[in-house]
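This report goes through two ligand sites and a handful of residues. Keep the sequence and the 3D view open while reading.

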Amino acid sequence: MGSVTVANKLSQTNSLNNYNKLPTAGAANKTDSVTTNNNCNGWIGSPMTSAPNPKAKIVYGTAGYVLEDVPHLTDYIPDLPTYPNPLADNPAYSVVKQYFVHVDDSVPQKVVVHKDSERGVHFRRAGPRQKVYFESDEVKAAIVTCGGLCPGLNTVIRELVCSLHHMYGVKKVLGIEGGYRGFYARNTINLTPKSVNDIHKRGGTILGTSRGGHDTNKIVDSIQDRGINQVYIIGGDGTQRGAAAIFEEVRRRGLKVAVVGIPKTIDNDIPVIDKSFGFDTAVEEAQRAINAAHVEAESVENGIGVVKLMGRYSGFIAMYATLASRDVDCCLIPESPFYLEGPGGLFEYIEKRLKENGHMVIVIAEGAGQELMSEKKQSMNKQDASGNKLLQDVGLWISQEIKDHFAREKTMAITLKYIDPTYMIRAIPSNASDNVYCTLLAQSAIHGAMAGYTGYTSGLVNGRQTYIPFYRINENQNHVVITDRMWARLLSSTNQPSFLGDKCHNEDNAEEEEESLDQLVDGNFSDDTLIKKEISSI
Ligand SMILES: Nc1ncnc2c1ncn2[C@@H]1O[C@H](COP(=O)(O)OP(=O)(O)O)[C@@H](O)[C@H]1O
Ligand SMILES: O=P(O)(O)OC[C@H]1O[C@](O)(COP(=O)(O)O)[C@@H](O)[C@@H]1O
Ligand SMILES: [Mg+2]
């Protein structure tokens, strides 16, 4: 996804600066090649050293090669026995040439390079290993889904259950109901290939989900009491932070428990990975709402169709749905501030578009324009149980503002129809390509846990399945970068104003605004800018 590149580059730069220990190309490498044993020794940044990021497990290679590795059970439990991977005897897989992933295989974060570029950051390639650290009948796996719904959750659950069973002979798979709090507040359910057989055809999650309720100690107590030794945690940014806390506690207690995250977010706001599952489905389903808005708008004189799409802090669904549709005249996202009145403002553009074309369609992401609403209404400043800021309904607000403007100005009579398809989009089953993606994600997650890796999120980087350490997933959010080519493509396809004119500027807050505009333009967001999330209530 082209638009992710700049953000990734910046987040990479930031995180490398944090480690503060990177050698320059060819200079003072810690190791000449990636470590070749399964224990993945080579902790640089463990508490024994003075590295600034105690969570980083980094291996250096030649020519500026850096592997941001994931933890392994043997990092804190020495002398664990290994077993041959049962896949070696599986008739489907044993014939595949080079089925097992080489222990040194890794995937670069940056694929566009120059002649003299350093090789840069890599992540461990996902996939089955020759040796595993669990015997089949020893494994007791648990699966939990947390946060908001997303197309594909059931497909991931189904694939986890079926692949554990069919690939690794694991018979004990538990479902944790109702999100994190289900670990300590609910009974578990047994999941078998038979019981999950057709769940991928349904939206939602058969396990249920919730916000809030993350109590690390109670969760790890429950893992210990139930004898669970592989935990598959499916959820978004909040969930992955919760998974990291569980992993740290598991490691502190010295438990042989693999903690694995599978990234879920319809907003596509998880960094590092190419895109999240369910995103394609959401963009596709959004087309139906945009089509309806277009039909309504073009059927009347001066018709305006307004469609609100999800995207709390990141406007990816709105941007891709707009690019896919070609019927959209204006796309408003949280990353690109806009204003209503005056030259270069939204009202002026609407008038121009209606005069030219007789109708128009506006797509607005739910997180866009929140600062404009707060100016006019009393800001609610409320949070959900997970600490996410509750947003005001920007779709209703902007529809009313447009109606009021034309009633006031009497320049033309308009007819406006507002469509909010957000929960309809979130609740559908995943499409074919997302189903395949979910399958690969789940299988990769399992291969890593069986091979003894832990404390990682399974994710696609540059089209390859990888294991990404939790801290990399949790350190920032993925945003549309408005100086990226993708946003430029959108602007040129809609012809909408960039809204970067004078009206964005307010003398009273000049310095602050300049800084925040720089951040928007560079994609260099800090926790204090767009991510106004307080974790106080979990
Ligand atoms: N910083 C955190 N530490 C531990 N748990 C967290 C943290 N942030 C969120 N969670 C938990 O993760 C779960 C899902 O978070 P939420 O933000 O609602 O959804 P999502 O994971 O989709 O972003 C909730 O149960 C919440 O309590
Ligand atoms: O009504 P809910 O469940 O709070 O969900 C609304 C939010 O969920 C989302 O779909 C995604 O949220 P998460 O993936 O972070 O759970 C947002 O786009 C939206 O703001
Ligand atoms: Mg979230």
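## Ligand 2

A polar atom in the side chain of E366 lies 2.6 Å from an oxygen atom of ligand 2. Such a pair is a polar contact, meaning two N or O atoms within 3.5 Å; within protein, one must be able to donate a hydrogen and the other to accept it, and residues adjacent in sequence count only if both atoms are side-chain atoms. For Y423, an N or O atom of the side chain is 2.4 Å from an oxygen atom of ligand 2. For K264, the corresponding distance between a side-chain N or O atom and an oxygen atom of ligand 2 is 3.2 Å. On its own, ligand 2 has 480 Å² of accessible area, and the protein covers 85% of this. Accessible areas are computed by the Shrake-Rupley method with a 1.4 Å probe, and for residues only the protein chains shown count as cover.

Ligand 2 is surrounded by 13 residues, and the closest are G148, D267, E366, Y423 and R426. A residue is near a molecule or strand if one of its heavy atoms lies within 4 Å of it. The shell around ligand 2 consists of three nonpolar, three polar and seven charged residues. In this division Ala, Val, Leu, Ile, Met, Phe, Trp, Tyr, Cys and Pro are nonpolar, Asp, Glu, Lys and Arg are charged, and the others, Gly among them, are polar.

## How the model was treated

This is a predicted model, in which local features need pLDDT of at least 70 and side-chain atom pairs count only at pLDDT 80 or more, while totals for chains, interfaces and linings use all residues. Residues are numbered from 1 along each chain as its sequence is written, chains are lettered from A and ligands numbered from 1 in the order in which they are written, and side-chain values use heavy atoms, with hydrogens and water left out.

## Ligand 1

Around ligand 1 there are 18 residues, and the closest are G212, D237, T239, K264 and S386. The shell divides into three nonpolar, ten polar and five charged residues.

Which polar side-chain atom lies 2.5 Å from an oxygen atom of ligand 1? That atom belongs to D237. S386 also has a polar side-chain atom at 2.6 Å from an oxygen atom of ligand 1, and for N388 a side-chain N or O atom is 3.0 Å from an oxygen atom of the ligand. The protein covers 92% of the 550 Å² of accessible area that ligand 1 has on its own.

## The pocket

Where does ligand 2 sit? Ligand 2 sits in the second largest pocket. Ligand 1 also takes up space in the second largest pocket. A pocket is found on a 1 Å grid over the protein atoms alone: it is an open set of points with protein on both sides within 12 Å along at least five of seven lines, whereas a cavity is a set of points where a 1.4 Å probe fits but cannot get out, and lining residues have an atom within 4 Å of a point. A molecule sits in a cavity or pocket if more than half of its atoms lie within 2 Å of its grid points.

## Buried residues

V220 lies in helix 4. Helices (H or I, at least four residues) and strands (E, at least two) are DSSP runs, numbered from the N terminus. V220 is buried because its relative accessible area is 0%; buried means under 20%, exposed over 50% and partly exposed in between, with a 1.4 Å probe and protein chains only. V220 and V257 are 37 residues apart in sequence, with their C-alpha atoms 9.9 Å apart in space.

I228 is in the loop between helix 4 (216-226) and strand 10 (230-235). Its relative accessibility is 3%, so I228 counts as buried. A258, 30 residues away in sequence, is 9.3 Å from I228, C-alpha to C-alpha.

## Exposed and partly exposed residues

D79 lies in the loop between strand 2 (65-69) and strand 3 (83-84). D79 counts as exposed because its relative accessibility is 75%. Its phi is near 60°, a positive value in a residue other than glycine. R326, in the loop between helix 7 (316-325) and strand 13 (330-332), has a phi near 70°, again positive in a residue other than glycine. R326 has a relative accessible area of 71%, so it is exposed.

K131 belongs to strand 6 (residues 131-132). With a relative accessibility of 38%, K131 counts as partly exposed. K131 and A451 are 320 residues apart in sequence and 6.5 Å apart in space, C-alpha to C-alpha.
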